[in-house]
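Thanks for coming. I have one model to go through today, so please have the sequence and the coordinates open.

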Amino acid sequence: MGAKEPGNAYPYQYFSEGTLRLLAYAVLFSSPELPEAVVIDDIETALDDGHIAALMQIVQEAGKRTNIILTPRSAKVAECAGAALQEI
């Protein structure tokens, strides 16, 4: 895939499901007005370890502004979340 001209966008079909999920979570958690609580089941679905680590950093920051409940089934999520919890 070559470089695009400035101002042009890539169609969403060019991105993996994991990248699209990461972007959706980033938009959700960067919202200036978060709900009182966010609950997400299987947050790691379609995410590779690099995406999971990046997402847990985003969740850590958002956790300072709202309550976040995750129900992961991945040891990587638990590992990254555990490290994030120690910093909060």
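Leaving aside its neighbours within four places in sequence, which residues is Ile40 in contact with? Contact here means heavy atoms within 4.5 Å. Ile40 is in contact with Tyr25, Leu28, Phe29, Ile69, Leu70 and Thr71.

Before I go on, the ground rules. This is a predicted model, so local features need pLDDT of at least 70 and side-chain atom pairs count only at pLDDT 80 or more, while totals for chains, interfaces and linings use all residues. Residues are numbered from 1 along each chain as its sequence is written, and side-chain values use heavy atoms, with hydrogens and water left out.

Back to Ile40, which sits in strand E1. Helices (H or I, at least four residues) and strands (E, at least two) are DSSP runs, numbered from the N terminus. Ile40 counts as buried, because its relative accessibility is 9%. The classes are buried under 20% relative accessible area, exposed over 50%, and partly exposed in between, with a 1.4 Å probe and protein chains only. Ile40 and Pro72 are 32 residues apart in sequence, and their C-alpha atoms are 8.5 Å apart in space.

Next, the core. A nonpolar core is a set of buried Ala, Val, Leu, Ile, Met, Phe, Trp, Tyr and Cys residues joined through side-chain atoms within 4.5 Å. The largest one has 15 residues, and Phe29, Ile43, Leu55 and Met56 have the most contacts inside it. Two or more residues each come from helix H1 (17-29), strand E1 (37-41), helix H2 (49-62) and helix H3 (75-87). H2 gives the largest share, 5 residues. Not counting residues up to four places away in sequence, Phe29 touches Leu34, Val38, Ile40, Ile58, Val59, Ala62, Arg65 and Ile68.

Also in helix H2 is His51. His51 counts as buried, because its relative accessibility is 16%. Beyond four places in sequence, His51 is in contact with Gly18, Thr19 and Leu22.

Last, the aromatics. Rings of Phe, Tyr and Trp (its six-membered ring) pair if their centres lie within 6.5 Å; planes under 30 degrees apart count as stacked, over 60 as edge-to-face and the rest as tilted. The count by this rule is 2 aromatic pairs. Tyr10 and Tyr14 are tilted, at 5.9 Å centre to centre and 50° between the planes. Tyr10 and Phe15 are edge-to-face, at 6.4 Å and 85°. Tyr10, Tyr14 and Phe15 form one aromatic cluster. Phe15 is in the segment before H1, and is partly exposed at 35%.
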